[in-house]
Amino acid sequence: MSFVSGRTGVWLMGARGSVATTAITGALAIRAGLAAPDGCVTELFDRPWLPPIGSLVFGGHDISDLPLPKKAEALGAAGVLPAHLAAALSSDLAEVDAHILPLPSTVDDIARDIAAFRDHHRLDRVVVINVASTEPVPTEDLDLVDLDGLPPSSRAAHAAFTAGSAFVDFTPSTGARLPALDALAHRHGVPYAGNDGKTGETLVKSVLAPMFAMRHLRVRSWSGLNLLGGGDGARLADPAANAAKTASKQRVLADALGYQPQGTTRIDYVEALGDFKAAWDLISFTGFLGTSMRMEFTWHGCDSALAAPLILDLARLTAAAHAAGRAGPLPELAFFFKDPIGATPAALSDQWKLLIDFVEDLQKSLEGTAEEAHSDAGTRSGPVADSDAARPLRASDATRPPASSGAEVAGPSTAPDVARSSAAPGAQIARPVGASDVARSSAALGTQIAGPVGASDIARSPAAPGAEAARPMEALDAARPPAAPGAESTTPDRDGGVA
């Protein structure tokens, strides 16, 4: 056995977009020893049961026909990734590109492509990650529509679940946040996580807002201006998609402060910025005796370079959770998201503690086979200390130098098949539930939502597993392989999406 989580595939929805291309190129570069895994949070843990970056096999769907090597070359020219990597890894990227398929028009076909990818490479499991373009907030009650009426992100989640694969939504789109899809995930025994990757301005907000709250300083207003280019910036020029994104970015303030200060978040498309982005925030607050003060910060970042390592992190952690027998939502991964599924803390420090405990829970679930995995650690790049497989995670781990790891080119597997682990999942952290948590709780399965669905109406915390949604969406609940017929998707490939 090479490692506990088994041989893992990553199926990317929007696989030729900037984020996906950067993630794939980075994984291949790490494997080849051409780059270090800087920015990959999971490298701090160095657990032998995490599928190493070097073992990940990539494939996906996209409506773009631009070959992956050409996309990487363009990103190199734009300064998103080192230009020499695109040339050095051209043949490896071409091999991965052979497993990026046109987006089918039906959910059945999407699921079949995922299953075929798994079987072709003899994978133990596949994690489907949505990095496609941001969708508008639904204007209808999605619990009352059939499969054909679902947005592309929800059809992708449905296809993933029926193919027996985990699902991660790195966008603010609806994805798996529907009671019937939650029931489907439990029925097929697969986990899911989301939503909307947290990489820039919102990452800073999740640190600063709790600081004001802990110091009992009253935030009077908080306004932010975001400027970005690239494909995602162009997509967010659409008012409907822009509204979905800004709602996700502002939510952290109310969650962290306990109230919503005055102010807005604005996103403007600036073509000249390409895949880079800038954000400027102005915060006004009052202190002792009502004295007025203010704080400003500016953030400059590369959208794809910030998001790509998190894609690799989420693939590794979600695959390990699947190996541990977890099914349904993974709120413990809130650390990675602006708008996490479930009732989770908003402060980044609290989310980090949640993530650490999650890793410890996985350790307990998988420790029965961790020793065997460690004995074959030669498939991992970088040594693993004997004590790492069984000891509790320490705070000092956050400062330990990570081991290097690499990526594997998609191709026929020659590695031995790995037995799946079905240990019970670890417990979630118990904490007090505040008012902000109430807004995140979804109705029990079977409850129909009356009226249009807005950004706050999408169910973020799924109901109890196993229940059926009482609505005409029979295809979701039918006990049959592999998937129900779906509708055509018009989702363009995603070039960023983490402003």
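Let's start with helix α2, residues 68-77, in this predicted model. Its buried residues are L68, P69, K71, A72, L75 and G76. Why do they sit on the same side of α2? They cover an arc of only 160° around the axis, and that puts them on one side. What do they pack against? The partners are α1 (18-31), α3 (83-88), α4 (90-97) and β3 (100-102). After α2 comes G79, with a positive phi near 85°.

Next, a lysine. K277 is in strand β9, residues 276-286. Buried or exposed? K277 is buried, because its relative accessible area is 6%, and the cut-off for buried is under 20%. Its side chain makes a polar contact of 3.0 Å with the side chain of D303. H300 is 23 residues away from K277 along the chain, yet their C-alpha atoms are separated by 5.8 Å.

Now the aromatics. The whole structure holds nine aromatic pairs. Take F161 and F167: ring centres 6.3 Å apart, planes at 80°, so this pair is edge-to-face. F161 is buried at 0% relative accessibility. F167 is buried, also at 0%.

Compare F335 and W352. This pair is tilted, 5.3 Å centre to centre, with 55° between the planes. F335 lies in the loop between β11 (328-329) and α12 (348-375), and W352 lies in helix α12, so the pair ties together parts 17 residues apart in sequence. F335 is buried, at 15% relative accessible area. W352 is partly exposed, at 25%.

Last item: R218. Its charged end sits over the ring of Y259, 3.8 Å from the ring centre.

Note on methods: Residues are numbered from 1 along each chain as its sequence is written. This is a predicted model: local features need pLDDT of at least 70, side-chain atom pairs count only at pLDDT 80 or more; totals for chains, interfaces and linings use all residues. Side-chain values use heavy atoms; hydrogens and water are left out. Buried means under 20% relative accessible area, exposed over 50%, partly exposed in between (1.4 Å probe, protein chains only). Helices (H or I, at least four residues) and strands (E, at least two) are DSSP runs, numbered from the N terminus. The arc is that of the directions from the helix axis to the C-beta atoms. Contact means heavy atoms within 4.5 Å. A polar contact is a pair of N or O atoms within 3.5 Å; within protein, one must be able to donate a hydrogen and the other to accept it, and residues adjacent in sequence count only if both atoms are side-chain atoms. Rings of Phe, Tyr and Trp (its six-membered ring) pair if their centres lie within 6.5 Å; planes under 30 degrees apart count as stacked, over 60 as edge-to-face and the rest as tilted. A charge sits over a ring if NZ of Lys or CZ of Arg is within 6 Å of the ring centre and within 35 degrees of the ring normal.
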